[in-house]
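Here is a short briefing to read alongside the structure. Have the sequence and the 3D view open, and follow the topics in turn.

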Amino acid sequence: MNPFQKNESKETFFSPVSTEEVPPPPPSLLKKPPPKICGSNYPLSIVFIVVNEFCERFSYYGMKAVLTLYFLYFLHWNEDTSTSVYHAFSSLCYFTPILGAAIADSWLGKFKTIMYLSLVYVLGHVIKSLGALPILGGHMVHTVLSLGGLSLIALGTGGIKPCVAAFGGDQFEKTHEEERSRYFSVFYLSINAGSLISTFVTPMLRGDVQCFGEDCYALAFGVPGLLMLIALVVFAMGSKMYKKTPPEGNIVTQVIKCIWFALSNRFKNRSGDIPKRQHWLDWAAEKYPKQLIMDVKALTRILFLYIPLPMFWALLEQQGSRWTLQATRMDRNLGFIVLQPDQMQVLNPLLVLIFIPLFDLVIYPLVSKCGINLSSLRKMAVGMILACLAFAVVAVVETRINAMAPPQPGSQEIFLQVLNLADDEVKVTVVGDDNNSLLPESIKSFQKMPQYSKLHLKTKSQDFHFHLKYHNLSVYTEHSVEEKKWYSLIIREDGESVSSMMVKDEENITTNGMTAVRFLNTLHKEVSINLGTDISLNVAEDYDVSAYRTVQIGEYPAVHCKTDDDDFSLNLGLLNFGTAYLFVITNSTHQGPHAWKTEDIPANKISIAWQLPQYVLVTAGEVMFSVTGLEFSYSQAPSSMKSVLQAAWLLTIGVGNFIVLTVAQFSDLVQWVEFTLFSCLLLLVCLIFSIMSYYYVPLKPEDIQEPAAKKIPHIQENTMNLETKNTKL
């Protein structure tokens with residue numbers, strides 16, 4: 001019997017090992033090394049992982065880029081609801097990584113977690129794309145499919161987020177630290193590349209391609225879904241090359257259990273007779289090892305600094321919601337290119353790629369040479385201030401846009417325009433209202449009105465009596481109106497006299513930056529109008545007015561029209577951004593039917609280029625805040641707590657999105673006031689964070705880990721001292 005047999009147990013720390021050389025195992029037992037890239041130390045398997053990450057990030061950011069406008073224009077939600085659901089989805093995407101990490105570390109392992117949740121991810125994209133097909137059901141079906149698809153996408157993208165990067169790091173040998181570091185650089189470059197390309201391409205698929213007579217959201221969601229399917233296939237192709245480490249337990253769970261036990265144990269022993277302990281986490285010493293408790297202590301110091309951080313993310317995350325909605329109300333023609341409103345988001349990943357080396361190689365060294373000690377916490381505070389300035393700029397731009405936009409009718413008010421389609425001028429007067437004229441002068445035939453006129457009501461709905469003076473005739477007409485509405489009073493010939501008709505314009509006459517047209521047909525025949533691929537409408541005879549239809553901007557020199565017995569073309573001219581047009585089809589010349597053009601809403605005058613300063617400021621703030629914050633956190637925490645820090649960092653982003661959701665849904669503020677509120681709140685939070693940072697004492701590297709001597713287990717007194725240089729332990 002082996003004399004050491006009885007000492008082999010779970011309590012044994014050392015076992016005697018021969019000092020002689022151990023013969024190597026036979027070649028058949030040696031594990032074949034994984035294939036490398038061109039003879040280097042880089043495993044071939046990381047190629048599949050990097051390509052997978054590029055396709056997945058293209059899928060996520062591409063889908064997310066067009067999401068707000070999908071809510072607004074396809075599901076016809078208002079701006080506040082669209083913003084709220086957008087940020088609810090974003091928040092869920094940053095809460096689910098906790099679940100993904102727990103599944104990977106405690107149950108399935110990283111490889112299986114990525115595979116299974118990627119299938120959920122692809123299924124979510126399929127359902128989301130089906131929800132964007134106009135021919136598939138009604139509004140309720142589209143809403144259910146969209147929310148169901150987004151929930152699955154949030155589970156998929158959040159679940160694999162903490163696994164993919166770490167799984168790539170597992171492929172390297174411990175002796176190849178330099179190669180692993182370069183791999184992570186390439187990995188994060190693939191993230192930015194996927195984001196950069198997708199946020200430029202998918203808005204083009206949405207706006208420049210027409211399907212079913214409107215913007216092609218199904219294609220804009222379908223292409224990212226296809227990229228996610230490619231990501232899954234590529235990742236599965238490398239299955240046999242991967243080094244798959246088994247689940248080792250989730251450190252986040254251990255930390256939560258340790259904190260909970262310390263709190264509950266302290267509560268149970270709150271009697272004054274029990275001696276106090278130096279730190280509240282010391283109450284976990286009865287169950288958890290000292291090293292874990294010390295690591296959690298270091299962790300809680302950093303998590304305390306995380307408390308103000310969500311407010312920064314609340315501002316940064318609005319680039320895809322409020323800033324995109326602002327872009328819809330601006331002139332997107334830059335001369336050399338016409339941008340979609342959701343394409344402005346491409347500035348963020350583009351500027352990130354520019355600013356990171358610029359700050360590291362130029363700005364930070366210059367500041368250091370000026371004698372300014374710009375510590376990590378100070379950089380984060382400056383990043384907050386830059387985000388405050390960005391939202392101050394956003395508020396100023398919003399006020400400029402509001403000044404150019406047509407006013408909205410208030411309580412007991414209506415907006416009215418008069419269109420004189422008779423052959424001579426007409427004087428219009430409101431009877432019983434001090435005989436005030438809508439215009440000081442008579443309205444000439446086919447005169448273009450400069451703007452809508454505001455009329456005040458005595459109640460929420462009222463009958464207006466109009467006096468029309470035409471030649472030597474006086475005509476009295478009566479029309480009912482309701483408050484907060486837009487109306488067009490159309491005057492037309494009626495034999496030797498004139499008559500009028502009141503047309504209620506759409507509930508929201510503002511076009512949200514889109515080009516809208518409607519037609520009034522004065523002919524005695526129904527007219528069918530073809531405005532392009534899958535865009536056609538019919539206007540009945542004798543002064544029927546069509547509803548507004550959104551169209552692409554550009555020149556329309558020959559729009560094909562037809563009646564029962566005739567085909568003709570209408571020259572609509574240039575249709576500009578954010579303009580609502582009325583075209584009156586008439587046949588008053590010998591050249592056949594033609595269109596008289598007038599603007600219900602004038603074109604946008606504020607260029608989308610005015611959003612550039614706010615993107616520059618907020619991206620500079622992101623580089624100083626986000627990159628520096630992660631670097632500082634990692635330098636101040638034990639290595640065993642880095643995954644917990646990553647989870648906490650993602651949670652702060654999720655909480656920031658929840659803040660935006662709450663404000664958008666319940667604040668009911670004017671938009672520029674909301675932007676100002678966020679700027680002031682972050683400024684206040686920055687002040688609090690600066691005070692917290694002032695009293696924070698950074699830990700030195702040697703203070704983070706216990707000395708090696710403290711890590712050696714205590715040996716019983718009867719254990720002999722061991723010479724480590726001659727004995728293998």
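**A residue to start from: Glu 178**

Glu 178 counts as partly exposed because its relative accessible area is 48%; the term covers values between buried (under 20%) and exposed (over 50%), taken with a 1.4 Å probe and protein chains only. This is a predicted model, so local features need pLDDT of at least 70 and side-chain atom pairs count only at pLDDT 80 or more, while totals for chains, interfaces and linings use all residues. Residues are numbered from 1 along each chain as its sequence is written, and side-chain values use heavy atoms, with hydrogens and water left out.

**The chain as a whole**

- The protein chain has 18 helices and 20 strands; these are DSSP runs numbered from the N terminus, helices being H or I with at least four residues and strands being E with at least two.
- Of its 729 residues, 48% count as buried.
- Among contacts in the protein chain with a separation of 6 or more, 71% come from residues 24 or more positions apart, where contact means heavy atoms within 4.5 Å.
- The protein chain exposes about 36,900 Å², and carbon and sulfur atoms supply 60% of that area; accessible areas come from the Shrake-Rupley method with a 1.4 Å probe, and for residues only the protein chains shown count as cover.

**Salt bridges**

- The structure holds 17 salt bridges, each defined as a side-chain nitrogen of Lys or Arg within 4 Å of a carboxyl oxygen of Asp or Glu.
- One of them joins the side chains of Lys 64 and Glu 317, at 3.6 Å from N to O. Lys 64 lies in helix H1 (residues 45-65) and Glu 317 in the loop between helix H10 (310-316) and helix H11 (322-327), so this pair ties together parts that are 253 residues apart in sequence. Both Lys 64 and Glu 317 are buried.
- Asp 80 and Arg 322 form another salt bridge, with their closest N and O atoms 2.8 Å apart. Because Asp 80 sits in helix H3 (residues 79-108) and Arg 322 in helix H11, the pair links parts that are 242 residues apart in sequence.
- Buried or partly exposed: how do Asp 80 and Arg 322 each count? Asp 80 is partly exposed, at 30% relative accessibility, whereas Arg 322 is buried, at 2%.
- Glu 178 pairs with Arg 182, and here the closest N and O atoms are 2.6 Å apart. The two residues are four apart in helix H6, so about one helical turn separates Glu 178 and Arg 182. Arg 182 is partly exposed, with 47% relative accessibility.

**Surface patches**

- Patches are made of residues with over 30% relative accessible area and no salt bridge, with like charges joined within 9 Å and nonpolar side chains (Val, Leu, Ile, Met, Phe, Trp, Tyr) within 5 Å.
- Asp 423, Asp 424, Glu 425, Glu 441 and Glu 493 form a negative surface patch. Asp and Glu count as negative and Lys and Arg as positive, with His and the chain ends not counted; the place of a charge is NZ of Lys, CZ of Arg, CG of Asp or CD of Glu.
- Within that patch, Asp 424 lies in the loop between strand S3 (413-420) and strand S4 (426-431), and it is partly exposed at 31% relative accessibility.
- Leu 684, Leu 687, Ile 688, Ile 691, Tyr 694 and Tyr 695 make a nonpolar surface patch of about 720 Å². Tyr 695 is in the loop between helix H16 (671-694) and helix H17 (701-704), and its relative accessible area of 64% makes it exposed.

**Two buried positions**

- Ser 195 belongs to helix H6 (residues 177-207) and is buried at 8% relative accessibility. Leaving aside residues up to four places away in sequence, Ser 195 touches Tyr 61 and Pro 349.
- Asp 215 lies in strand S2 (residues 214-215) and is buried at 12% relative accessibility. Beyond residues up to four places away in sequence, its contacts include Arg 206, Met 514 and Gln 552.

**Backbone points to check**

- Most residues other than glycine have a negative phi.
- Gln 412 has a positive phi, near 55°. Gln 412 lies in the loop between helix H13 (376-404) and S3 and is partly exposed, at 32% relative accessible area.
- Tyr 543 also has a positive phi, of about 70°. The loop between strand S12 (535-539) and strand S13 (544-545) holds Tyr 543, which is buried with a relative accessible area of 14%.
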